[in-house]
Structures are given as C-alpha cells and as structure tokens.
Amino acid sequence: MSKGFSRRQVVAVTGLGLTAGFLVKKAEGQVVWQIDSKSCVNSKLGEVGVKVCDLCVKECVVTQSAVRAVNEFSKCGRCCVCPAYFNVKSAVGKDGLPSEKLCPRDAILRKPIGEVDPNDPANNFYEYVIDEAKCDGCGKCVMACKEPAGLGSIVLRVRHDLCVNCNNCAISQACPKDAITQWPALKAVLGLSETA
Amino acid sequence: MSRLWAVVALLCALTGSVWAQALPYERPVDRAPQEKSIGGGYKTPDVQKPLPRKGWLEITDVVLLAAAMGVSVWIVVKRRNRRWLMALSATSVAYFGFYREGCVCPIGSIQNVTVALTDGHYHIPMVVTATFFLPLLVAVFYGRAFCGGVCALGSLQELVLIRPVQVPKKLDRALGWLKYVYLLAAIGFAVLPLAQRDFVICRFDPFVSLFRRSGFAHMLALGAAFLVLGMFVGRPYCRYLCPYGGLLAWFSRLSSRGVSITPNKELDCGLCTDACPYGAIEKMRAVRANCLYCARCYEACPREGPLVQLRGQA
Amino acid sequence: MKGRAAGVVVLVCVAALTADYAVKIAWTAASDVRVAALQEKVRADAGLAAALAAEQKKIADFNQARRTRINWLSLVLIVAAAAFLVEQPKAPRRIPEKPQKAAGVRRGGKPVVTGAAAPEIDLAFVDEVVAREGRGTEAAIPILQAIQAHYRYLPDEALRRVCELTEITPAQIAGTSSFYSRFRRSPVGEHIVRVCHGTACHVAGARQITDELRRELKIAEGEDTDPSRTFTIEEVACLGCCSLAPVVMVDEHTAGNLTPATACDALGEHA
C-alpha cells in the first residue's frame, strides 16, 4: 500500500483545513445560552399588565428547567412589602402585610436586615434571597418586581451548571422575544450579555 | 363643547380611579439602598454566577473523540476484530451518549458550521468546529471510522442489531437519497435569519431524548421505534437519514484504507456479503462510502480470526 | 435463558415507563383542574391560600418523585437491554458452499472419505481375477487393471481381498494405485464430465465452469463425484477444440462456448 496521498485527498484536506481555519479565526472559546433581561417579556420595561411568560419552565428539557430567577442585590429596594414576595392584591392580614405569597413554589426567603422595630416593622430593610433549589424560573416575581411597581432587580438567568447546553435550545425556539441567545461564556457569566 | 370636556375629564378621573384600585400598591423606594444607607455593617451578598462546564472538560471531549476514532481505525485496519469494536461501541454509547447526553455531536454541528459560515455575528466554539472537522478528516484517509464505534447514535443502533435482514438493493439506494434531502433541509433551516432559524437535526434527533432519559413523548417513542426497527434493519437512521453520514460518504470515497477484504486471502465464498447488514460489500469488495466500520465481515470470514488458528493446528 | 429473562425485564421496564407516563398525563390534567378551581376560590376567600400552596407543593413533589422513579427505571432498562443484547445467541456460521480454490480436484491419491456409503460389491470377481493372473507381486498391475475395468474404480473391499489372496502388500497397492492417475479409489459416477483446462479454456474461464458445475452438482470439497453418483468431474488437458473454449465433454458429447450460467446445460438430459 502506498504511503503517498492521492491528489484528491490533498485537495479535500486543504479545503477542510481552509474552512476550519476560517471558522477558528472567528471562533469563541465556549458558548452558552443566556437570557437578555432587556428583551425578556417578564423583565422588559413597558410590558405591564401582560400575561407572565412561563415558557422557560415549560420548554426546557431539564426537568426543573435550567432557568432561575435571580435577585441582583445591588438593585434590590429591600422593601418591607416586596411586590415579588407578596401577592400585593391579596387581602391584608393582621400583621398589616398581604396574606399571600406570590411565588407558587415558595422559593423566596425574606429576612430582615438588622433589628426590627416592633412598632414600625415597615420602616426596615428586608433581604430577599431566592432558593434556587425550589425556583423553576416561572417568571412571576420577575414580572412583579418591575418598574413602576418594583425596581426590576429580579431577572431570569440561565444557570450554566444546570443547563445541558442543547444545540437547539428549546426555550430559544419558543421564546416570543428571542431573548435567549448564545453568548461567549465569559460575557454571559459576567452579565455582559445584556444589550446596551 | 364644555360638556364634551366635562365627559373627557370624567373619563380621565374614572380611568384614574380604576388604575388606583387595580394597583393600590405603591413602590416604597425609588432607589435601591446601598451598603452605606443601610448601615449596621451590612454587606451586599454576592449574586451567584454559576460557571459553565470547565473548558478543559470540553477539550477532553474533543481529545476523546479523536482517540476513539484512532482506536476504531486501529481495530478495523490492524486488529480486524469485531469484539473489540463492540467494546468500543459500548464505551462510546456510555460516554458520548448517556454521560454527555448526546451533545456535542458532529451531526448537529453541521448546522453550527453552516450558520457560522453565513452569519458573521454567530459565535462558534472551537470545540464544535473541531467536532465537525475531525471525523471528515479521518474519512478522507480511512473512511467512515467515526460511524463505527464512535458515534453514539450509530453505536447504539449497532449494538441493538441482532437479527439483520438484507434490504433490497433498489430500496436501499432509493432511501439512501433521503439523507441528502435531510441535509439540504437542515442547511436551509439553519441559514434563515436568527428569528426563524431552526436546528432541525437536533430537534428531530431520535436518540438524544433516550440518552437524556427525558424529553417529549413523541421523540422518545420515535427513538424506541428506531431501535426496534434497528434490531432487524441495520442502522436505519445512519443509512437513510443521518445528514452527516451523507457528508462522510462523500469524503470517504477518497479514502485509500479502511475495511478491506484481502484479495490474496479470499475464498470468493460470499459470506462477508451475506454478513454485511448495510449492503456495503459489492463484488466481494467493501464500498467505502457505505461501509460503517462494523467489522461484521471479519467476524463472518472463515479465514479471519479463530478459524485460521484452528486450521493451523490441524 | 438469561437472555429471555433480560428481555422480559426490558419489556416490563418499557411497560412501567409507559404506564408512568400515562399516569403523569392523567394526574397533571386532574391537578391542573384542582389548582384552577382553588385559584378561583382563593380570589374570593384568601384563607384558602394555604390549601393552594399545599396543592402546588404536592405537584412539585410528584414531579420530583417521578423524576427519581424514571431515572431508576431507565437505569434498570439500560442494564437489562445490555444483558439482553449480550445474551443473544449467535446465528450459526454458515459453511462456505463453494469449494476452496487451493484444494484442487485430485484423481486417485489417498483414499477419501466419501459422503455417500459405497455400494455393496460382489467379491467373486476378485477371486476369479487372482486365479487368472497369479499370486506374485508382479501381478499387481494387471489385477488392479482388471478390478478397475470391472468395478470402474478400486473398491477398498476388493483391494483388501487382493491382499488376503496374494503376496501383494497393502503398501504396494497404495503406492501403485496412487502413482498411476488411471487408477481411482473412489466410486465413479455414471457419466464422466471432462472439463477442459487447456490454455485456451483456462483463459476463457474453465476454473469458473468447474466451480459452477461442482456447486450445481453439490460435489463436496476434495471429492469429484456427486452424492447420487451420477456425474464425476475430471479436469483434463486440451480436448482439441480450442475455438470452442471453454469446453466440457460429458461422456462422448462435447459442449463449447460455455459460461458459468450455461455450464449446467451441458449436462443435458442426464442432470
């Protein structure tokens, strides 16, 4: 058997090499899916009174979805009556707080920062932490914590440790706003994937 | 005129009052309090930012892919042994299939490469580029080494094929064109603008939901149907639908080595032709474009393996 | 046995998964209705909020439990399927039908084990010949010639009888009968098929003609006569009609210009 290569093999390898080289020139190290909170219906400003979009829960191939609501603490108002924590439309209870929670999975934890003045509990800051074991990214809290009611600190984020990185992300196919797209991993993790 | 204004004013008042009823809640703060304004030594907690899979793990996948193809070539060209190839197939199904859950695979990467070539803003990872080109490169020299024992989809079908029947030549050839239609369709859907873009190969991958052990019921049923059919018809997906198989067939035509039926050893007995479930042996020679590197012909050959040794002892 | 057990396990797992899916569909539909009804009630009576939360927790727990169940079931399914595939009995390996190229047809030679039982023979003729030709070792060739002429081959029983009656040793008979190609040790067929292997016929494919005839007549490897003893194939040198190559002679009838497809026609009405 000859060790030499046929001319057609050389042509094919050169062709493949050139194409691969072209792609490598514009390649990124690693690409992940991420939600652009400025496009997502649930967090997009101006989208008030519309139905909460829960396609991230329904479409994701991961059982409990790889999408989670994330509270950006630096933007959180730490309100006593948080519109994302409480169902502010429910009846007011004895403690002066709404009687219902908004989250269907009870995934938001509320704890006061520092001492609470028992006479005036409203005049205190509260920290809201999302329990990611319970949250499935249904987006109700995201829709509630949005201007003008809230400050828009809660957004939906793909959790890269849960996401299986499907080539054909089912959520991206279903998303009405094309808010979930692929981003270079570094930008997506650091939150640089937001459109300006 | 003044009555009209009065009505408008009334309407405005009404809408205002309705608005107030619907939203009795008012935002307590306009700005997020920061550490300083909260005081009491409060520290803003860090927002958790989970990292994606480690980069070196992704590179390991590519290295393993290349290594598996090397082993596949070695087993088929040098060892000529089906048992070893079965072991390789089982390993690939376990790793690329069940552990890596079927992603990233060269079949789906066709679409990524297509998009990357047509859309300047698309980011294609190096890993995907490597996954797409490596098997093609091997095919240029050794034929479809990727198909045998490396591809998780193919290996799975290879493992379930227990009672192969021969597909009539004409039907086989006609169905074989389907994969090129599928390839064109996949490319067609991939070059659409971002909003309408669809990766049909991944969407209608029959086995990925089996590997993930979850997914749409109809896709799971389709995968199971392919496996049941695959018990009798050799690798139905690979031969008739796999678009990457179409590409590999083109490139493997150029290859100079691969599964070979050695001319000076053969008996003209035709057992290898009967043993090949893929109709890839014509006139006692393996057809590179159709040969899926399963090594069944070696197993069936009376001149290969244990029989040769028996004859030597007698 | 193990294979069958594994197959049963596979079927049971598939059935269980299907049933589980059906249950999930029904359960989800029912719980959706319940949740919707509760939500309606909660709007009127806020006190029921706890019940709604409990219902939603129940749904989450159900899904979580189902996930675990499916994971275990599919693990068992994969293991059982692997066992089923490994335990599959292999299809028996078929013996090549065509003769091997390396093993040529040798006339005479060492005794071959014939597939069909040799016919019973009358040994009175041997006694007669020995009485006529004498008992010395020099009578070996005439005796063998006479036996061959009578029986058309050298039956083992006849040769054994010759050794008993004369001074001729078995070794001498074996040597003589294998040296002269005229002698044959296996029964000959009713008709002799001579396939020409002269240069012209060889070039025109006498090898393939021989192979085809042997396959058609089901002549086993190493033999030259078919099981029904109708035909004996001989490879001969030039038959003298090279323009008709490849040529086959069946008894006294010659057939030329053959192809593997038409070779069997040459056997004519005898076949």
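# Chains A, B and C: questions and answers

Q: What share of the contacts in chain B with a separation of 6 or more comes from residues 24 or more positions apart?
A: A contact means heavy atoms within 4.5 Å. This is a predicted model, in which local features need pLDDT of at least 70 and side-chain atom pairs count only at pLDDT 80 or more, while totals for chains, interfaces and linings use all residues. Residues are numbered from 1 along each chain as its sequence is written, chains are lettered from A and ligands numbered from 1 in the order in which they are written, and side-chain values use heavy atoms, without hydrogens or water. For chain B, the share from residues 24 or more positions apart is 75%.

Q: How many helices and strands make up the secondary structure of chain B?
A: Helices (H or I, at least four residues) and strands (E, at least two) are taken as DSSP runs and numbered from the N terminus. On that basis chain B has 17 helices and 2 strands.

Q: What fraction of the residues in chain B is buried?
A: Buried means under 20% relative accessible area, exposed means over 50%, and partly exposed lies in between, with a 1.4 Å probe and protein chains only. Chain B has 314 residues, and the buried fraction is 49%.

Q: How much of the accessible surface of chain B belongs to carbon and sulfur atoms?
A: Areas come from the Shrake-Rupley method with a 1.4 Å probe, and for residues only the protein chains shown count as cover. The surface of chain B comes to about 15600 Å², and the part belonging to carbon and sulfur is 68%.

Q: Why is helix H5 of chain B described as largely enclosed by the rest of the structure?
A: Helix H5(B) covers residues 106-118 and reaches 18 Å from its first C-alpha to its last, close to the expected 18 Å, a span defined as 1.5 Å times one less than the number of residues. Its buried residues include Pro106(B), Gln111(B) and Ala116(B). H5(B) is largely enclosed because the buried residues number 11 of the 13.

Q: Which residue of chain B forms a salt bridge with Arg100(B)?
A: A salt bridge is a side-chain nitrogen of Lys or Arg within 4 Å of a carboxyl oxygen of Asp or Glu. Arg100(B) is buried at 16% relative accessible area. Its partner is buried at 6%, and the N to O distance of 2.7 Å is to Asp61(B).

Q: How many residues apart in sequence are the parts tied together by Arg100(B) and Asp61(B)?
A: Arg100(B) lies in the loop between H4 and H5 of chain B, and Asp61(B) is in helix H3 (residues 55-79). The pair therefore ties together parts whose separation in residues is 39.

Q: Which residue forms a salt bridge with Arg235(B)?
A: The closest N and O atoms of the pair are 3.1 Å apart. Arg235(B) is in the loop between helix H12 (217-230) and helix H13 (236-240), and its partner is in helix H7 (residues 152-160), 77 residues away. Both residues are buried, and they belong to a network of salt bridges that also links Arg82(B), Arg296(B) and Glu299(B). The partner of Arg235(B) is Glu158(B).

Q: Is Glu58(B) buried or partly exposed?
A: Glu58(B) and Arg53(B) meet in a salt bridge of 3.2 Å, N to O. Arg53(B), at 22% relative accessibility, counts as partly exposed. Glu58(B) has a relative accessible area of 14%, so it is classed as buried.

Q: Which residues make the nonpolar surface patch of about 290 Å²?
A: Patches are made of residues with over 30% relative accessible area and no salt bridge; like charges are joined within 9 Å, and nonpolar side chains (Val, Leu, Ile, Met, Phe, Trp, Tyr) within 5 Å. Trp84(B) lies in helix H4 (residues 82-99) and is partly exposed at 39%. The patch is made by Trp84(B), Val71(B) and Trp74(B).

Q: How far apart in space are Lys169(B) and Gly279(B), C-alpha to C-alpha?
A: Lys169(B) is found in helix H8 (residues 169-176) and is partly exposed at 39% relative accessibility. Leaving out residues up to four places away in sequence, Lys169(B) touches Gly279(B) and Glu282(B). Lys169(B) and Gly279(B) are 110 residues apart in sequence, and their C-alpha distance is 7.4 Å.

Q: What is the bridge partner of Arg110(A) in E4(A)?
A: Two strands pair if DSSP finds at least two bridges between them. Strands E3 (residues 108-112) and E4 of chain A run antiparallel and are joined by 5 bridges. The partner of Arg110(A) is Tyr128(A).

Q: What percentage of the residues in chain C is buried?
A: Chain C has 8 helices and 4 strands. Its accessible surface comes to about 15800 Å², with 59% belonging to carbon and sulfur atoms. Of its 271 residues, the buried share is 37%.
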